[in-house]
Amino acid sequence: MRKRIYGIETEYGLLVNDNDFPYGPVEIADRIKDHVFSKGLGVLDLHYRAKHEPPGNGGFLANGGRLYIDMGHLEYASPECCNLVDLITFDRAGDQLVQDAVEELGWADQVSIIKNNVDLETNATFGCHENYLVGRSFPFDERENLKILSAFLVTRQIYCGAGRIGACNPHPFRDWDGVSMEIHEEEPVDFQISQRADHIPNEFYRWVQYNRAIVNTRDEPLSDPTKYRRIHLLVGDSNMSEFATAMKMGTTTLMLDLLEQGFAKREWILAESVGTMRSISRDPEFKWEITMRDGNRSTALELQWEILECAKAHLGGSRHETDWILENWESVLTDIPKGPEALLGRVDWASKYWMLSEFKKEENLDWHDPWLKSQDLEYHNLNRQTGLYWGLEETGDAFRKTTDAAIEHSKTTPPRGTRADGRGALIKALMGTHAGYLIDWIGFRLSKNEEPFLMLDPFISYKSEIHDYLRSMDLLPQPETPSPLPEKK
Amino acid sequence: MDMNDPLRREEKKESAPDRHDSGPKGPDVSRPGRDNLLKRMKKVDPKQSEKYKQRTGQ
């Protein structure tokens with residue numbers, strides 16, 4: 001597939017700093033969501049989407065994305081984006097929409113939106129899901145390809161992980177094939193590079209809760225199923241760094257290109273994936289040793305170098321964006337051996353590790369001191385005045401791939417080049433009417449017409465067709481016919 | 001959690017003590033901005049991790 005469509009879904013954590021605050025986290029999430037829609041930034045669902053998604057539970061936004069409550073968490077799904085800069089911009093636009101609402105509600109001192117994936121005290125976890133559109137002919141049903149993809153995902157955490165203090169030792173919920181039972185209780189861990197590694201007990205599976213897998217195999221294309229497939233991954237961490245988000249999505253899309261074009265190598269397959277993901281994440285010396293299926297020993301860094309070299313050989317020069325990914329993939333792999341300080345602002349786990357280490361030294365703390373755990377959490381706070389990541393932006397250490405002006409614009413304007421553009425136009429038109437509607441990713445239906453309007457090709461904006469359709473429903477003003485010029489006397 | 005591999009360590013020089021309290025000072029080797037980051041970190045509520053009560057999601 002020459003072009004790719006990307007999307008990110010983020011489940012936010014919510015911290016109530018004030019013990020006397022009148023609302024609990026779930027009610028706060030609901031009020032934040034309602035505030036966003038009351039500002040005219042989107043339209044709330046009028047229908048049930050699922051048993052636990054009643055009318056008003058969420059809705060589509062004028063920027064083509066979606067804001068909703070999922071399992072008690074506030075969740076933002078970016079609109080479909082056809083390049084990495086758009087993706088990062090719209091991901092951050094979602095963050096900003098939510099943070100703006102907190103500040104406008106006057107809750108900035110009492111409520112923090114935390115863009116992480118784990119509760120360090122209870123070990124509850126919540127996700128950041130990646131979506132990549134591939135052709136229906138993508139060889140996803142071949143187990144060997146899934147194992148290659150799995151090896152890539154297990155090792156990419158060395159530059160994509162968000163890091164965390166401590167560990168969680170969950171038990172898998174089932175014990176048949178594919179579930180790793182290699183979990184050792186009470187293994188002491190000070191710091192590990194991934195938030196999600198401890199919560200993924202399967203290599204392949206289709207569920208998205210509890211029995212999460214490195215490669216989620218659910219087939220839900222949200223587009224024409226005869227043409228497309230959506231690769232939906234839930235193994236990754238939420239990233240604060242724009243560079244880390246770009247590398248997470250960018251390198252993964254190149255890995256999918258290698259699989260699609262038949263250049264990926266079976267020698268990259270690991271002897272075992274789930275345990276390896278955990279051992280890489282927890283390695284206190286950052287050696288990240290791995291065992292390949294053929295018994296050879298290697299490291300996550302070496303395997304990533306091999307995949308990068310293959311991508312350079314076969315994909316280099318094909319597109320400007322591909323070259324940017326290759327160049328920066330190489331730069332981050334080159335800098336990893338130099339230590340965390342060399343990765344500040346580009347790799348979240350390394351940025352967090354460096355900051356926490358400096359603070360730990362300064363205050364003479366133990367890794368498991370509650371204050372250090374609180375710093376871990378604060379790294380992910382979306383409040384720019386207090387969140388630790390924003391300190392890196394302030395000092396100039398954070399790598400920017402987008403701009404604040406673009407993020408501001410993207411809160412209300414959809415990206416171009418995908419059907420999100422048409423969806424955004426639809427949402428804006430509906431905000432000025434009393435028409436009934438049912439909207440989903442693949443199309444919509446209006447109360448004035450029984451026939452659904454399908455948007456099955458994510459590469460098509462459908463903007464002019466939607467415009468004509470709305471006009472035919474009298475939901476847009478008719479074009480003014482120019483009045484004839486007065487005759488000259 | 002030390003970085004044992006010398007290649008993994010960032011080079012850092014120790015500042016030379018200024019014995020006579022005059023002349024040029026030893027170089028400030030800490031990362032520019034480090035102090036501002038630490039100031040930000042000191043403001044963090046030490047107990048906030050315990051207040052973070054999340055449900056499991058997807």
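Helices here are DSSP runs of H or I with at least four residues, strands are runs of E with at least two, and both are numbered from the N terminus. Hello everyone, with that settled, let me take you through this one.

What you see is a predicted model, where local features need pLDDT of at least 70, side-chain atom pairs count only at pLDDT 80 or more, and totals for chains, interfaces and linings use all residues. Residues are numbered from 1 along each chain as its sequence is written, while chains are lettered from A and ligands numbered from 1 in the order in which they are written.

Let's start with chain A. Its secondary structure comes to 13 helices and 17 strands. Along the principal axes, the C-alpha atoms of chain A fill a box of roughly 90 × 60 × 50 Å. The radius of gyration of chain A is 23 Å, which agrees with the value near 23 Å for a compact globule of 489 residues; this is taken over C-alpha atoms, and the globule rule is 2.2 Å times the number of residues to the power 0.38. Of the 489 residues, 49% are buried, meaning that 20 or more other C-beta atoms, placed from the backbone, lie within 10 Å of the residue's own; 12 or fewer is exposed, and in between is partly exposed.

Now two backbone details. N123(A) is not a glycine, yet has a positive phi of about 65 degrees. You'll find N123(A) in the loop between β6 (111-114) and β7 (128-135) of chain A. F286(A), also not a glycine, has a positive phi near 55 degrees, and sits in the loop between α5 (274-282) and β13 (289-291) of chain A. So, are they buried or exposed? N123(A) counts as partly exposed because it has 16 C-beta neighbours inside 10 Å, whereas F286(A) is buried, with 23 other C-beta atoms within 10 Å.

On to the partner. How many residues of chain B are in contact with chain A? There are 32, and they meet 49 residues of chain A, a contact being two C-beta atoms, placed from the backbone, within 7 Å. On that side of chain B, α1 (34-42) and α2 (48-51) each supply at least two residues, and α1(B) gives the most, with six.

Finally, confidence. The predictor gives the complex an ipTM of 0.88 and a pTM of 0.90. Chain B has a mean pLDDT of 68, with 50% of its residues at 70 or more; pLDDT is the predictor's confidence in each residue, from 0 to 100. Over residues 1-22 of chain B the pLDDT is below 50. Where pLDDT is low, the predicted coordinates should not be read in detail. Thanks, everyone!
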